[in-house]
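Thanks for coming, everyone. Please take a look at the structure on the screen. I'll talk about charged residues and the ligand.

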Amino acid sequence: MKPFKVTSTFEVYESIEELPEVIRDLMKQAMRARDNAYAPYSQFKVGAALVLNNNEVVTGSNQENASYPSGLCAERTAIYYAGAKYPEAQINYMVISAKSMKHKVDAPVPPCGACRQALVEYEVKQKSEIPVFFMGESGQVMKANSIKDLLPLMFDKTAL
Ligand code: THU
């Protein structure tokens with residue numbers, strides 16, 4: 001037996017004000033998209049925004065369902081829409097913001113495991129990294145330089 005070490009490094013911004021202007025504007029679009037979340041069951045609203053290399057911005061929000069597993073996260077709503085509408089485009093950045101209707105969320109909210117798996121597919125597809133900025137309603141913003149940093153030992157097509 002020998003250990004196999006995996007390390008990821010993230011960047012932390014103290015607030016949205018510290019972000020580069022283009023990312024801050026994108027985050028504001030994710031926050032607006034967040035308001036469109038349909039989250040009557042969890043009262044937890046998430047917004048995601050993607051900027052593509054054709055300069056289009058695609059946003060998404062979580063959409064819940066009375067049959068809970070049929071709902072979809074904001075990140076997958078956005079990336080599947082981008083893939084469906086602009087199949088040739090590359091994703092330059094993704095940003096995410098989450099807000100609870102029950103309590104203040106001021107710690108960064110990273111994408112769930114299922115979304116990480118969905119997102120890494122597009123990183124592999126486009127053969128370039130997708131930086132992701134994620135936050136709560138306010139407070140610190142974290143940046144992952146690549147989906148792979150969020151999903152070490154990822155499963156992708158090379159295993160098939
Ligand atoms: N949710 C997202 O939209 N993205 C995530 O990465 C985590 C969770 C949604 C799913 C569900 O509608 C609500 O947040 C509570 O889990």
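**Salt bridges and the ligand**

Let's start with a pair: E123 forms a salt bridge with K148, and their closest N and O atoms are 2.9 Å apart. A salt bridge here is a side-chain nitrogen of Lys or Arg within 4 Å of a carboxyl oxygen of Asp or Glu. Now, where are the two residues? E123 is in helix α3 (residues 113–126), and K148 is in helix α4 (residues 147–150). They are 25 residues apart, so the pair links distant parts of the chain. Helices are DSSP runs of H or I with at least four residues, strands are runs of E with at least two, and both are numbered from the N terminus.

E123 counts as buried, at 1% relative accessibility. K148 is partly exposed, at 33%. For the cut-offs, buried means under 20% relative accessible area, exposed means over 50%, and partly exposed is in between, with a 1.4 Å probe and protein chains only.

A word on the source. This is a predicted model, where local features need pLDDT of at least 70, side-chain atom pairs count only at pLDDT 80 or more, and totals for chains, interfaces and linings use all residues. Residues are numbered from 1 along each chain as its sequence is written, and side-chain values use heavy atoms, leaving out hydrogens and water.

How many salt bridges does the structure hold? Two. The other one joins K99 and E137, at 3.9 Å from N to O. K99 sits in strand β4 (residues 91–100), and E137 sits in the loop between β5 (132–135) and β6 (141–144). K99 is partly exposed, with 24% relative accessible area. E137 is partly exposed too, at 23%.

Now E64. E64 is buried, yet has no salt bridge. The nearest side chain of opposite charge is K102, 9.1 Å away. Lys and Arg count as positive, Asp and Glu as negative; His and chain ends are not counted. What E64 does have is a polar contact of 2.5 Å with the side chain of S42. A polar contact is a pair of N or O atoms within 3.5 Å; within protein, one must be able to donate a hydrogen and the other to accept it, and residues adjacent in sequence count only if both atoms are side-chain atoms.

Last, the ligand. Residues around the ligand include S42, E64, N62 and E75, each with a heavy atom within 4 Å. A polar side-chain atom of N62 lies 2.9 Å from a ligand oxygen. The side chain of E75 has an N or O atom 2.8 Å from a ligand nitrogen.
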